[in-house]
Amino acid sequence: MIEYINNRLVWQRKTTQGMGRIYADIEILNRDDVEQARKNIIGEHEIKRFVIRPLVDSGSDYLCINENIQGVLQLAKFSTKRLELANGKMVTCDYVGPVEL
């Protein structure tokens, strides 16, 4: 298991029948807001952010978020992509952003 302590990620392995599952606490930020805050257009407290604790997938090419997180961060849709999940299932997803981790 991963814990975020004093601005540092602390890794601990949680095993299930010899297999490890690793989770990471990740704060997703609306990158447009981050840029505006850097230019002093908005305050740091106005940056839209969301904290998640996903299962880490070392073979993943994309960060996948649901529509609720997209709505909270107010992310723009750029396109639609067809992706293959780990179980082989093909899904169509909105490609949104930009985000900063």
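Is Leu29 buried or exposed? Leu29 is buried, at 11% relative accessibility. Buried here means under 20% relative accessible area, exposed means over 50%, and partly exposed lies in between, with a 1.4 Å probe and protein chains only.

Before I go on, the ground rules. This is a predicted model, so local features need pLDDT of at least 70 and side-chain atom pairs count only at pLDDT 80 or more, while totals for chains, interfaces and linings use all residues. Residues are numbered from 1 along each chain as its sequence is written, and side-chain values use heavy atoms, with hydrogens and water left out.

Back to Leu29. Leu29 lies in strand 5. Helices (H or I, at least four residues) and strands (E, at least two) are DSSP runs, numbered from the N terminus. Not counting residues up to four places away in sequence, Leu29 touches Val34, Ile47, Lys48, Arg49, Pro98, Val99 and Glu100. Contact means heavy atoms within 4.5 Å. Leu29 and Leu101 are 72 residues apart along the chain, yet their C-alpha atoms are separated by 6.2 Å.

Three strands form an open sheet, antiparallel, in the order 6-5-9. Strand 6 (49–52) and strand 9 stand at the edges with a single partner strand each, so one side of each has no neighbour in the sheet. Two strands pair if DSSP finds at least two bridges between them. Strand 5 and strand 9 are joined by two bridges. Leu29 stands opposite Glu100 in strand 9.

Next residue along: Asn30, also in strand 5. Asn30 is buried, with a relative accessible area of 4%. Leaving aside neighbours within four places in sequence, its contacts are Ile47, Lys48, Leu73, Gln74, Leu75 and Pro98.

Look at Asp33. Its relative accessible area is 7%. Beyond four places in sequence, Asp33 is in contact with Ile42, Glu46, Ile47 and Lys48.

After helix 1 comes Asn40. Asn40 is not a glycine, yet its phi is positive, about 60°. Asn40 lies in the loop between helix 1 and strand 6, and at 70% relative accessibility it is exposed. Gln74 is another residue other than glycine with a positive phi, near 55°. Gln74 lies in the loop between helix 2 and strand 7. Gln74 is exposed, at 56% relative accessibility.

On to the packing. A nonpolar core is a set of buried Ala, Val, Leu, Ile, Met, Phe, Trp, Tyr and Cys residues joined through side-chain atoms within 4.5 Å. The largest has eight residues: Ala24, Ile26, Ile28, Ile52, Ile69, Leu73, Leu75 and Val96. Strand 5 (26–30) and helix 2 (67–73) are the elements that give two or more residues to this core. Apart from it lies another core, of five residues, including Leu29, Val34, Ala37 and Ile42. As for Val96, leaving aside neighbours within four places in sequence, its contacts are Ile65, Gln70, Leu75, Ala76, Lys77 and Phe78.

Next, the hairpin. Strand 7 (residues 76–84) and strand 8 (residues 90–97) run antiparallel, joined by eight bridges. Arg82 has Thr92 in strand 8 as its bridge partner. Five residues lie between the two strands, and Gly88 in this hairpin takes a positive phi near 90°. Between strand 8 and strand 9 is the loop that holds Pro98. The peptide bond joining Gly97 and Pro98 is cis, with omega about 0°.

Last, the cysteines. How many disulfides are there? The count is zero, taking a disulfide as a pair of cysteine sulfur atoms within 2.5 Å. The sulfur of Cys64 is 5.7 Å from its closest cysteine sulfur, in Cys93, and that is too far for a bond. Cys64 is exposed, at 55% relative accessibility. Cys93 is partly exposed, at 25%.
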